[in-house]
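I opened my notebook to record what I could look up here.

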Amino acid sequence: MEEKLYSIGEVSKVANITIKALRHYDKIGLFKPAYVDPKTKYRYYRDSQLYRLDIIKSLISIGTPLSQIKEIQETDNLDFVAFLKKQEDLITEKIASLLETQQSIREIREELQIQEYPFGEIIVMEKEEQPIIQTKVKNIGPATILNPSYSNLKKATKEEFRNNGYGSIIPFGHYEKVENISYSYLYTPAPLRKQISSLSSEAERAIIPKGKYVSIKVKSNTFKEYFQTLQKLITYVEEQELTVKSDIYETFSIGLYHKNEEYISEFSVRVAEAD
């Protein structure tokens, strides 16, 4: 049975590739037609050639140079398989990188959404799971924390993580004054693809779990306003008789109001879902 031949125009439509590209591939010897009419110089391709064109398009889509594709096609099958395996690994890395970028964009979007609700107002919301890198701390609280504390956290993550702000974990409980608050951990958001091996012994990977959270936001210049906002959150949870499922997560972010940078804190505590 004679194999069907396709004109360059038909291949262009079937494979969703331009005629100009097919002519270029022919010129450089990357993808040559099976037959060229000696009179008209029209190019024709066999049906069995189209699978190779799919491979070429896939490799081009991940940035493989045409010269490299041409070179590997001229090797034996084992070398070609090894080359494709390497390209597959590169795709896996690109996917991981895109997932990290997606996470970064989602975190920024959620941060900006948080900034939309009024300061000092209790909000109940569902939050997605948040991977973090945390370091355990002692004798550090809002009244005693210094910039070196954040520097140490950055060093613990070997400075490989996107600087998307910092946070602290505060044990849920009663506090008489701001000086009584002592953080148990400092943390920073962690990319999905970073492995635990990239951390120092002082840091560990953890998760802020998905769930229902009671949150309140404050833009404060004084410890008094900061402390009053935290107390408002704790009082609300107790008055509503909510079951607390976590410590208090405090996140620090930079506001974008009036094109000026403003220091913002958000306190959130996970509570049990209603029956």
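**Salt bridges**

I began in helix 5, where Lys85 and Asp89 are 4 residues apart, which means they are separated by about one helical turn. I noted the general rule too: an α-helix has 3.6 residues a turn, so residues three or four places apart point the same way. The model I am reading is predicted. Lys85 and Asp89 form a salt bridge, with their closest N and O atoms 2.8 Å apart. Lys85 is partly exposed, at 44% relative accessibility. Asp89 is partly exposed too, at 40%.

I counted salt bridges next and got 4. One of them joins the side chains of Glu266 and Lys127, at 3.3 Å from N to O. This pair links distant parts of the chain, since Glu266 is in strand 11 and Lys127 in strand 4, 139 residues apart. Is Glu266 buried or exposed? I found Glu266 buried, at 3% relative accessibility.

**Around Asp26**

I then went to helix 2, residues 19-27, which holds Asp26. Asp26 makes a salt bridge with Lys32, at 2.8 Å from N to O. Lys32 is partly exposed at 47%, whereas Asp26 is buried at 11%. I checked the cut-off: buried means under 20% relative accessible area, so Asp26 qualifies. Asp26, Lys32 and Arg43 are linked in a network of salt bridges. Leaving aside neighbours within four places in sequence, Asp26 also has Phe31 and Pro33 among its contacts.

**Helix 4**

Which residues of helix 4 are buried? I listed Ile69, Ile72 and Gln73. Seen down the helix axis, the buried residues fall within an arc of 100°, so they line one face of helix 4. Ser67 and Glu71 are exposed on the other side.

**Cores and a patch**

I looked up the largest nonpolar core, which has 25 residues. Ile170, Ile181, Tyr183, Leu233, Ile248 and Phe267 touch the most other members. Elements giving two or more residues include strand 6, strand 9 and helix 7. Helix 7 gives the largest share, 6 residues. Another core lies apart from the largest one, with 19 residues, among them Phe31, Tyr45, Ile56 and Phe80.

Last, I checked the surface. Ile91, Ile95 and Leu99 form a nonpolar patch there, with about 230 Å² of accessible area together. Ile91 sits in helix 5 and is partly exposed, at 33%.

Definitions and conventions:
Residues numbered from 1 in each chain as written. Predicted model: local features only at pLDDT ≥ 70, side-chain atom pairs only at ≥ 80, totals over all residues. Heavy atoms only, no water. Core = buried A, V, L, I, M, F, W, Y, C linked by side-chain atoms within 4.5 Å. Buried < 20%, exposed > 50% of the residue type's maximum accessible area, 1.4 Å probe, protein only. Patch = residues over 30% accessible without salt bridge, like charges linked within 9 Å, V, L, I, M, F, W, Y side chains within 5 Å. Areas by Shrake-Rupley, 256 points an atom, 1.4 Å probe, with all protein chains shown as cover. Contact = heavy atoms within 4.5 Å. Arc of directions from axis to C-beta.
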